[in-house]
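Student: Could we go through this protein together, one question at a time? I would like to see how each answer is reached.

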Amino acid sequence: MIKLPQSKWHKAWIIPPVILGIAVLLFMKSGKQPPAQIAEQEVTRHVRIIEAPVVDLVPQAEGYGIVQPAQKWTAVAQVTGRIIETHPRLRNGEIIEQGTLLFKIDPVDYDLDVATANAQLAELEVQEKNARASLAIEQRNRLVANRELSRLGKLAKKGTTSQSSVDEAERAALNSEAVEQNLENTIALIPAQRKKLEAQLAQAKRDLDNTVVVAPFNLRIASLNIETAQFVTQGQNLFEGDSVDRVEIVTQVPISSLRNLFIGRENTLNSIAQISQNLNEFTGFKPRLELDMGGHTASWAAEFVRFTDNVDTQTRTIGIVVAVDKPMEKIKPGYRPPLSKGMFVRVILQGHVQPGRIIIPRSAIRNGKAYIMTADKRLEQRDIEVLFSQEQISVIKSGIKPHETVVVSDLIPAIDGRLLEPETDIKLQQQLTNKADKEDAS
């Protein structure tokens with residue numbers, strides 16, 4: 001194959017496109033503007049803030065407990081017999097008023113015991129009367145015997161009567177004295193016999209009274225175990241009665257929470273008398289009961305009664321007894337049910353008002369620090385000391401001044417001096433104040 005030589009004109013065709021590209025590049029470079037200079041700006045962070053309020057705080061502690069009647073009564077048969085009558089509403093769950101007849105035991109045997117005791121007392125009265133009459137006769141008889149003995153003794157000295165006659169007269173005088181002594185002993189024993197028979201009569205009457213049983217207070221019947229015509233024996237448990245006029249709740253409260261109610265108090269009780277008489281006033285507790293009803297919460301004002309006798313060593317809680325009087329009168333249909341035995345309720349103990357407390361949300365405390373916004377809107381991490389916490393709030397002991405601005409948003413990372421863009425959380429601010437000074441007086 002023969003290779004033809006390339007033409008010089010063919011190489012020249014490369015030059016125009018190169019020249020054209022250079023020209024376009026120069027044209028574009030000549031119309032380009034230099035880069036704009038942007039001033040450096042500090043980055044801000046949007047945060048929510050509140051003002052640390054100073055409030056009159058109502059401290060509180062809480063626990064849970066089960067409603068139980070303040071009084072429990074067990075109907076125990078005090079006599080033996082057949083039940084001949086019962087109240088028509090003597091059934092479990094029924095409420096029966098104080099003084100109402102509950103049941104009656106056949107009294108025939110006890111009527112006989114009363115009649116027998118009365119007859120024996122009457123017989124004793126007759127015996128005493130006869131004994132005193134016999135004593136009077138015997139005393140006269142002894143006087144006659146003694147005169148006869150004296151007369152025969154004088155005759156014996158003169159030799160006009162025998163010694164055997166004197167001895168016979170002396171024997172008659174001694175017999176009369178013995179009879180008189182026996183009669184006096186009989187009369188002396190009559191008061192003791194009378195007391196014994198009177199005691200038997202009193203017991204018979206008491207047994208007769210115990211055949212009729214009435215309600216000792218307004219009660220609700222429970223654990224019924226009798227019916228009409230049933231024979232019961234002395235000491236047998238028949239049923240129980242729970243008081244409906246007052247209920248009690250025993251709740252276990254942590255000692256640490258209870259301590260918060262006494263902070264700032266200087267009152268002291270120095271004697272057992274002061275403790276027993278002034279404990280309620282000293283503690284100043286205002287208990288409240290709450291029951292979750294699903295759609296709403298029912299509440300009752302209660303009364304502090306006493307502390308229990310021991311501390312739970314495992315949970316470090318102490319028992320507190322609170323009570324509600326006349327719970328049946330506090331019923332509100334559809335809103336507040338009756339406080340019934342076995343109901344599980346929340347117990348809130350409120351103490352004396354603590355004025356001038358600085359509070360912030362518990363969530364605003366992170367590892368013992370709070371985020372504070374300074375006057376120039378910059379972040380400051382500050383160590384704080386918490387006096388105590390209650391629900392969602394913490395009471396500040398030191399580290400935050402009244403009305404300082406607290407950052408409640410989470411900042412990651414939190415850098416001191418960082419510029420902030422604040423927005424007041426009005427809802428949280430209002431909730432904080434409401435939780436601090438709430439004091440239920442229902």
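Student: How many of the 8 residues of strand β18 are buried?

Tutor: This is a predicted model, where local features need pLDDT of at least 70, side-chain atom pairs count only at pLDDT 80 or more, and totals for chains, interfaces and linings use all residues. Residues are numbered from 1 along each chain as its sequence is written, and side-chain values use heavy atoms, leaving out hydrogens and water. Strands are DSSP runs of E with at least two residues, helices are runs of H or I with at least four, and both are numbered from the N terminus. Buried means under 20% relative accessible area, exposed over 50%, and partly exposed in between (1.4 Å probe, protein chains only); β18, residues 354-361, is mostly covered, and its buried residues number 6.

Student: Which residue in β23 is the bridge partner of P361?

Tutor: Two strands pair if DSSP finds at least two bridges between them. β18 and β23 (residues 393-398) meet this with 4 bridges, in the antiparallel sense. The partner of P361 in β23 is I393.

Student: And which residue in β18 is the bridge partner of L57?

Tutor: Strand β2 covers residues 54-57, and its pairing with β18 is antiparallel over 3 bridges. Within β18, L57 has as its partner Q354.

Student: Is V58 buried or exposed?

Tutor: V58 sits in the loop between β2 and β3. Its C-alpha atom is separated by 6.4 Å from that of G351, although the two are 293 residues apart along the chain. With a relative accessible area of 3%, V58 is buried.

Student: Which residue stands opposite V212 in β8?

Tutor: β8 pairs with strand β7, residues 101-105, over 3 bridges in the antiparallel sense. Opposite V212 stands K104.

Student: Where in helix α4 does the kink lie?

Tutor: Helix α4 (residues 163-209) has 47 residues and reaches 69 Å from its first C-alpha to its last. The bend at a residue is the angle between axes fitted to the seven residues ending there and the seven starting there. The kink is about 30°, shortly before the proline P191, and lies at I190.

How values were computed:
Expected span 1.5 Å × (residues − 1).
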